[in-house]
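Colleague: Could you take me through one part of this model up close? I'd like to hear about a salt bridge and what surrounds the topic.

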Amino acid sequence: MESTTVNTLRKQPSRSGSTASNSSILSTSGSKLIQLQRSNSSLNTANVVGPNGGNPTTAPAPSTVSSLPPVSGSATPSSSAGQHTSGIHPLHFTWVFWFMHRQPGQKILNYESAMKKIAAFSSIEDFWAVYSHLRRPHELPTISDYHLFKQGVRPVWEDDVNINGGKWIVRLKKGLASRYWESLVLAVIGDQFDVGSEICGAVLSIRHSEDILSVWNRSADEGRINLKIKDTLKRVLNLPGDTIMEYKTHNDALRDNSSFRNTDVYK
C-alpha cells in the first residue's frame with residue numbers, strides 16, 4: 001500500500017493561556033466566516049483524556065460546559081441552529097467527541113464498547129470549551145483514536161447512517177497529526193465540505209509508523225459527491241497536489257475486517 005508524504009504545514013493557532021488568538025470557521029449556513037476570538041480565561045488546564053490514554057479522568061470545568069447537550073439523540077440539526085442570542089454561535093449539527101486506546105497486541109472483541117464518549121457540543125463556544133481540554137494528538141499513546149461524529153451516529157461501520165458509505169484516508173508522517181487534525185475538525189463542524197448531510201464524521205488514528213486521518217461519508221456510490229469531498233479535504237488541509245489519497249467502503253471493511261488495508265488509491 002502506498003503512503004502519503006505531506007511536507008506542507010499550516011500555521012497552528014497559538015494556545016497560550018495569556019494571549020487569545022483568532023480562529024475562523026464557517027457559519028451554519030456554510031457561506032460566511034465567523035471570526036471567533038478564543039478566550040481561555042474560563043478554562044482550567046485539566047485534560048479530558050487521562051495520562052494512560054484510557055478513560056477520561058477529569059471532565060471540563062462545569063462552568064464552561066453547562067450548556068452542552070446530552071450525547072444521545074439523532075443526527076439532526078442542532079436545536080440552537082439559527083439562534084444567535086447571548087453571543088452564542090450555533091453549529092448546524094450537534095457533534096460528539098469519542099476516544100479509544102488499546103495496548104499493542106491487545107485484541108478488542110467489542111469495538112463499540114471500547115470507545116468512550118468525551119462530550120457533545122452544538123456551538124462554536126462549546127466546541128472550544130471541550131477541545132481546549134483534549135490532549136493534542138502528539139501527546140496520545142500509540143494506537144489511539146479520536147472520533148468526531150454527529151450526535152446519534154455511532155462511530156462504527158455497522159451504524160445505519162454509515163453502513164452504505166465509506167471513508168477518505170490521508171496518511172501522515174509522524175509529527176504532523178496535531179496541526180492537520182485541528183484543521184480537519186474545524187472544516188467538518190464548520191460545514192466547509194458543503195455536501196449537505198453527507199459527512200458523518202472524522203477520525204484520527206495514531207499508529208506506530210504513521211498517523212491517519214479519515215473522513216466518513218454516508219454514500220459510497222455517489223461519485224460526484226465523493227470527489228467533491230476528496231477535493232475539499234485536500235483544500236482545507238492545504239495538501240500538495242500529488243498527495244495520494246485512499247477510499248474504502250464500510251462494506252469492504254466489514255468483509256476483510258480492516259480499516260486501512262485493500263483501499264482504492266487516488267491522486
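Modeller: D256 and K248 meet through their side chains in a salt bridge, 2.8 Å from N to O; that term means a side-chain nitrogen of Lys or Arg within 4 Å of a carboxyl oxygen of Asp or Glu. K248 is buried, with a relative accessible area of 1%, while D256 is partly exposed at 23%. Here buried means under 20% relative accessible area, exposed over 50%, and partly exposed in between (1.4 Å probe, protein chains only).

Keep in mind that this is a predicted model, where local features need pLDDT of at least 70, side-chain atom pairs count only at pLDDT 80 or more, and totals for chains, interfaces and linings use all residues. Residues are numbered from 1 along each chain as its sequence is written, and side-chain values use heavy atoms, leaving out hydrogens and water.

Searching the whole structure turns up 10 salt bridges. K228 pairs with D194, their closest N and O atoms 3.7 Å apart. K228 sits in helix 5 (residues 223–236) and D194 in the loop between helix 4 and strand 7 (199–206), so this pair ties together parts 34 residues apart in sequence. Those helices (H or I, at least four residues) and strands (E, at least two) are DSSP runs, numbered from the N terminus. D194 is exposed, at 51% relative accessible area, and K228 is partly exposed, at 33%.

Then there's D231 with K230, a side-chain salt bridge of 3.2 Å, N to O. K230 is buried at 8% relative accessible area, whereas D231 is partly exposed at 44%.
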